[in-house]
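Student: I would like to take a close look at a single part of this model. Could you guide me through it slowly and carefully?

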Amino acid sequence: MICEICGKEIFGRPKRIVVDRAELTVCQDCSKLGEPVAERRPAAKATSPRIIARRAAPRISKELLESEVCEDFSERVRRGRIAAGMSQEDLAKRINEKVSVIQRVESGRMVPSVRLCRALERTLKIKLLIEAEAEEPIPRARPGPAPHEPTLGELARIKRKGQ
Ligand SMILES: [Zn+2]
C-alpha cells in the first residue's frame, strides 16, 4: 500500500482522509494534512425523506378526487343498473359512454367524474354525489343517545293511557 500524498510505502494501518473533497489513502504522517473520513451511511440518509414525500403526494390527490363521489359508487351503479333492467351495454348507450367506462366504474377501478355521476344518477335514479347541503343536520342521522329513552314502566303507562 502506497501513500497517495507522499508516495511512500505505508507501514501499519493506512489512514483514510479527505483533502478538497477527495478521499485519499495515506500514511500516518500525511493523515494530518486532511480531515479523517467519517463513518458514513450515505444510502440510508438520502432515501428516507424521498419515501415520505412520495407517500404523501398520492393521498392528497386521492382525497380531492373522491371527495364528492360516495365511497360505494361501484355498488350503487351496479345495483341501480340491474334494478333498471339494463345491461352494461344498454347503460353505456343511454349515457353516451363506452362500455369499458361502465365496467371500470362498476368494478371500482375508476372514480366517475361529476358529469358522469350526474348522468348515472339521472338514468338509474340513484344517488352518487355527496352534496354539501345533504350534510346539514338531519335529526335522525345524528349519533348519540336520544334525549329521553322511555323506561318499560313509562311505556306501559303510555299504552294504558292510549287504550
Ligand atoms: Zn504520506
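Tutor: K125 lies in the loop between α5 and α6, the latter being residues 152-162, where helices (H or I, at least four residues) and strands (E, at least two) are DSSP runs, numbered from the N terminus. Residues are numbered from 1 along each chain as its sequence is written. The model is a predicted one, in which local features need pLDDT of at least 70, side-chain atom pairs count only at pLDDT 80 or more, and totals for chains, interfaces and linings use all residues.

Although K125 is not a glycine, its phi is positive, at about 55°. Most residues other than glycine have a negative phi. K125 is also exposed, since 10 other C-beta atoms lie within 10 Å; a residue is exposed with 12 or fewer such neighbours, buried with 20 or more, and partly exposed in between, with C-beta atoms placed from the backbone.

A second residue of this kind is D20, which is not a glycine either and has a positive phi of about 50°. D20 sits in the loop between β1 (15-19) and β2 (22-26), and with 6 C-beta neighbours inside 10 Å it counts as exposed.

Turning to helix α2, which spans residues 73-83, we find F73, R76, V77 and R81 buried. These residues lie on the same side of α2 because they cover an arc of only 125° around the axis, the arc being that of the directions from the helix axis to the C-beta atoms. On the other side of α2, E75, I82 and A83 are exposed. After α2 comes G85, whose phi is positive, near 70°.
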